[in-house]
Amino acid sequence: MAIKAAHYLTPVTPDCGLTMFLPGSHRLTEEPVIPASSIDPPGAVTPDIAGGDAVLFENRTWHTGGINLSGRSRIALMLQYGYRWLQPVDDPATALRKDPILTPVEQQLLGVPDRHPDGSLAKGSGAAAIRSWWESRPWTSASA
């Protein structure tokens, strides 16, 4: 249904706290078990990547930030590509989305849920805000 891409914007070193993954966890029907003597589930791995690399993973795969012992910030860009009706799990702009001066397009780009009156996401208006904006512009066939 969705895939995530993690792109690291700062230098990648073994001690910078890269994102860890539990291979196959997207098929689990329950949370992974973490033994009392551990901080991560058995089988969790850190990808062997270099600076500038990106990691692609199925959105349901268990993942977490590793422990950053480098003494510097690790900055990554995480993007999720999927159906528009998938409910976001990260809400970094919750307060901003409530700003009354936002246009419908700005609200959609910030992730305001596209809800149908019955409450469902799948039956919402979809890309209506962006489609309306696109169709109202003075585009020419050369620029479209």
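Where is the place of Arg74? Arg74 lies in the loop between strand 4 (63-65) and strand 5, a location taken up again below.

## Model and confidence

This is a predicted model, in which local features need pLDDT of at least 70 and side-chain atom pairs count only at pLDDT 80 or more, while totals for chains, interfaces and linings use all residues. Residues are numbered from 1 along each chain as its sequence is written, and side-chain values use heavy atoms, with hydrogens and water left out.

The pLDDT, which is the predictor's confidence in each residue on a scale from 0 to 100, averages 82 over the protein, and 87% of the residues score at least 70. Confidence is highest in strand 2 (residues 19-21), at 92, and lowest in helix 1 (residues 94-97), at a mean of 78. Where pLDDT is low, the predicted coordinates should not be read in detail.

## Overall arrangement

The protein contains three helices and five strands, where helices (H or I, at least four residues) and strands (E, at least two) are DSSP runs numbered from the N terminus. Along the sequence the elements follow the pattern β-β-β-β-β-α-α-α.

Of the 144 residues in the protein, 21% are buried; buried means under 20% relative accessible area, exposed over 50%, and partly exposed in between, with a 1.4 Å probe and protein chains only. Among contacts (heavy atoms within 4.5 Å) between residues at least 6 apart in sequence, 70% join residues at least 24 apart.

Three strands form an open sheet in the order 3-1-5, with antiparallel pairing; two strands are taken to pair if DSSP finds at least two bridges between them. The edge strands, each pairing on one side only, are strand 3 (54-58) and strand 5 (76-82). From one strand to the next, the twist averages 20°, an angle between N-to-C directions that can run from 0 to 180 degrees, with axes fitted as lines to C-alpha atoms.

Strand 1 (residues 2-8) is joined to strand 3 by five bridges, and within this pairing Ile3 has Glu58 as its bridge partner, while Lys4 stands opposite Phe57. Seven bridges join strand 1 to strand 5, where the partner of Ala2 is Gly82. Because five of its seven residues are buried, strand 1 is largely enclosed by the rest of the structure.

## The nonpolar core

The largest nonpolar core has nine residues, namely Ala6, Tyr8, Val12, Cys16, Leu18, Phe21, Ile49, Val55 and Phe57. Such a core is a set of buried Ala, Val, Leu, Ile, Met, Phe, Trp, Tyr and Cys residues joined through side-chain atoms within 4.5 Å. Strand 1 and strand 3 each supply at least two residues of the core. Ile49 touches Tyr8, Val12, Leu18 and Val55, when residues up to four places away in sequence are not counted.

## The surroundings of Arg74

Arg74 counts as partly exposed because its relative accessibility is 25%. Leaving aside residues up to four places away in sequence, Arg74 touches Tyr8, Thr10, Cys16, Gly17, Leu18, Thr19, Gly65 and Asn68. Arg74 and Tyr8 are 66 residues apart along the chain, yet their C-alpha atoms are separated by 7.7 Å. The side chain of Arg74 also reaches the backbone oxygen of Gly17, at 2.7 Å.

Key: Polar contact = N/O pair within 3.5 Å; in protein donor to acceptor, adjacent residues only side chain to side chain.
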